[in-house]
Amino acid sequence: MKAVIVCTSVSHGNTRRIADVMGQVLEARVVDPEQVDVAELAACDLVGFGSGIFSMKFHPQLRRFVRSLPPGQGPRRRAFVFATSGLPEPSFQPFTRPLVRVLEQRGFEVGDTFSCRGFDTWAPFKLVGGINKARPDATDLMAARAFAEGLRARTGTVS
C-alpha cells in the first residue's frame, strides 16, 4: 500500500504527534502541504489530511492546499481526515464536514474521520495557561493507532 499523510501542525505539535502514530501503522510519509505534489497523491492508495482546529476550522494552509487539488478523474481515491482541538467536535456542526466535502469534490472517497483533544492556548485559554496541557496523551495516541489499524484493514491493503 502506498500512503501519505498531509499534515499542518503549527502550535504545539499535537497534530504531528497523531500523524506520526498513524504514519507508523500505515507506513506512510507525513508531510506538510508544500512538501507534496499532486502527482504523488494521485499515485497513493490512501491519503490522510489533518491539522489543528482554529475557530472551528482546519488550518488555512491545509484548506488552501485541498482547494488547490484538481477535481478527481478516474477512480475515487481513498482518504481520511483527522484533527486535534482544544474543545470536542460538536455533533451538531462537525468541523471535519467542510473539509470532507471539498475532498469529495476533488475525487476522494473519505472513509472516516478522527479527532482528539490537544493542548490549546488560543485567545481566552491563554489567560489560564491553556487547556488540555497533557493532550494528546497515551490514550489518544493509542486511539489514533487503532484508527489507523482499522483504516488499513478496511482498505484491504494490509502489508
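**Figure 1. Overview of the fold and its contacts.** In the protein, 75% of the contacts with a separation of 6 or more are between residues 24 or more positions apart; a contact means heavy atoms within 4.5 Å. This is a predicted model, in which local features need pLDDT of at least 70, side-chain atom pairs count only at pLDDT 80 or more, and totals for chains, interfaces and linings use all residues. Residues are numbered from 1 along each chain as its sequence is written, and side-chain values use heavy atoms, with hydrogens and water left out. The secondary structure comes to 6 helices and 6 strands. Helices (H or I, at least four residues) and strands (E, at least two) are DSSP runs, numbered from the N terminus. From the N terminus on, the order of the elements is β-α-β-α-β-β-α-β-α-β-α-α.

**Figure 2. Surface and interior of the protein.** Of the 159 residues in the protein, 47% are buried. Buried means under 20% relative accessible area, exposed means over 50%, and partly exposed is in between (1.4 Å probe, protein chains only). The protein exposes about 8,000 Å², and carbon and sulfur atoms supply 52% of it. Accessible areas come from the Shrake-Rupley method with a 1.4 Å probe; for residues, only the protein chains shown count as cover.

**Figure 3. The buried residues of helix H3.** Helix H3 spans residues 60-68, and Leu 62, Phe 65 and Val 66 are buried in it. These residues are on the same side of H3, because they cover an arc of only 95° around the axis. The arc is that of the directions from the helix axis to the C-beta atoms. The cover over the buried residues of H3 includes strands S1 (3-8), S3 (46-54) and S4 (57-58), as well as helices H2 (38-42) and H4 (97-105).

**Figure 4. Two loop residues with positive phi.** Glu 27 is in the loop between helix H1 (14-26) and strand S2 (29-31). Its phi is near 50°, a positive value in a residue other than glycine. Glu 27 is exposed, with a relative accessible area of 55%. Met 56 lies in the loop between S3 and S4. Met 56 is not a glycine either, yet has a positive phi of about 70°. With 40% relative accessibility, Met 56 counts as partly exposed.

**Figure 5. Aromatic rings.** The whole structure holds 4 aromatic pairs. Rings of Phe, Tyr and Trp (its six-membered ring) pair if their centres lie within 6.5 Å; planes under 30 degrees apart count as stacked, over 60 as edge-to-face and the rest as tilted. Phe 114 and Phe 147 form a tilted pair, with 5.3 Å centre to centre and 45° between the planes. Phe 114 lies in strand S6 (residues 108-117) and Phe 147 in helix H6 (residues 138-154), so the pair ties together parts that are 33 residues apart in sequence. Phe 114 is buried at 10% relative accessibility, and Phe 147 is buried with a relative accessible area of 10%. One aromatic cluster is formed by Phe 80, Phe 82, Phe 114 and Phe 147.

**Figure 6. A charge over a ring.** The charged end of Arg 77 sits over the ring of Phe 108, 4.1 Å from the ring centre. A charge sits over a ring if NZ of Lys or CZ of Arg is within 6 Å of the ring centre and within 35 degrees of the ring normal.

**Figure 7. Cysteines and disulfides.** A disulfide is a covalent bond between the sulfur atoms of two cysteines. A search of the whole structure finds 0 disulfides, where a disulfide is a pair of cysteine sulfur atoms within 2.5 Å. Cys 7 is buried at 1% relative accessibility, and Cys 116 is buried with a relative accessible area of 7%.
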